[in-house]
Amino acid sequence: MACILVGAFVATANAAVLTIQPIKICDDGGLNCANDTEQTFLAETNKIWAQAGLTFSYLPFTTTNSSTFLSLDNQGEVDSLFTTAPGAAANPLVISMWFVANHFDAFGEVNTIGGNKIVIDEVIFGVNRLDTIAHEVGHLLGLMHDDPGVDVDFLMRSGSDRVTPSVIGDITPDGAGLDKLTAAQIKTALADPKVSAVPEPATSALILFGLGGLALARRRKMARV
Ligand SMILES: [Zn+2]
């Protein structure tokens, strides 16, 4: 019976984690880096993806120097950034996220649905676009725009008409209930190989406690014998 209980703890101990390598692009001289204050809207992104039990883990920021990529003026330059991928994470299961000073027509873009590369225009921090990173990551986890049941208060609605949160309190399940995900989207996202399951420290403590309890029970039993 005790073994079954411990097994149950292990089954619920996994947290889904997505690892991101953030990369600031600077000019050719290593100056004027995009997002030099290293913002990520991490709290907002984690709150949105908490619907799926998914948390984000950022590796330390790195930099790469390219005046061309610092300002992406056309689709050719965006494609070239994704193809050459300067400073990209060696592990393909880690998302590489480049920050630029300008993207010619979007707040953010991914290399492909289900891919592992994102470019983010630092303007999102100036205009308080809290859910852009969460939205782009959704694309990398296999989600497309406007799946069935997706209204303007859902994360994967196109940026052209999505209602975006002004403060973290607007994000579901609170306030305006924005940036929702459907059950089908959550299932798709969690099936992506970039999502890894790791034991949560708090639950690991529970497992240890459970094992300790078992040992204690055994000792008591022996003492009775
Ligand atoms: Zn999109």
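Predicted model: local features only at pLDDT ≥ 70, side-chain atom pairs only at ≥ 80, totals over all residues.

Visitor: How many residues of β8 are buried?

Guide: Strand β8, residues 117-121, is mostly covered, with five of its five residues buried. Buried means under 20% relative accessible area, exposed over 50%, partly exposed in between (1.4 Å probe, protein chains only). Strands (E, at least two residues) are DSSP runs, numbered from the N terminus.

Visitor: Which residues point which way from β8?

Guide: Lys117, Val119 and Asp121 point one way, Ile118 and Ile120 the other, and all are buried. In a regular strand the side chains alternate between the two faces of the sheet.

Visitor: Which way does β5 run against β8, parallel or antiparallel?

Guide: Parallel: five bridges join β5 (residues 95-100) to β8, and Ser96 stands opposite Lys117. Two strands pair if DSSP finds at least two bridges between them.

Visitor: What about β7?

Guide: β7 (residues 108-110) runs antiparallel to β8, with three bridges. Gly108 has Ile120 as its bridge partner.

Visitor: Switching topic, what coordinates the zinc ion?

Guide: NE2 atoms of His135, His139 and His145, at 2.0 to 2.1 Å. Donors are N, O and S atoms within 2.8 Å of the metal (3.2 Å for Na, K and Ca); water is not among the atoms, so sites may look incomplete.

Visitor: Is His139 buried or exposed?

Guide: His139 is buried, at 8% relative accessible area, while His145 is partly exposed at 37%.

Methods:
Residues numbered from 1 in each chain as written. Heavy atoms only, no water. Helix = DSSP H or I, 4+ residues; strand = E, 2+ residues; numbered from the N terminus.
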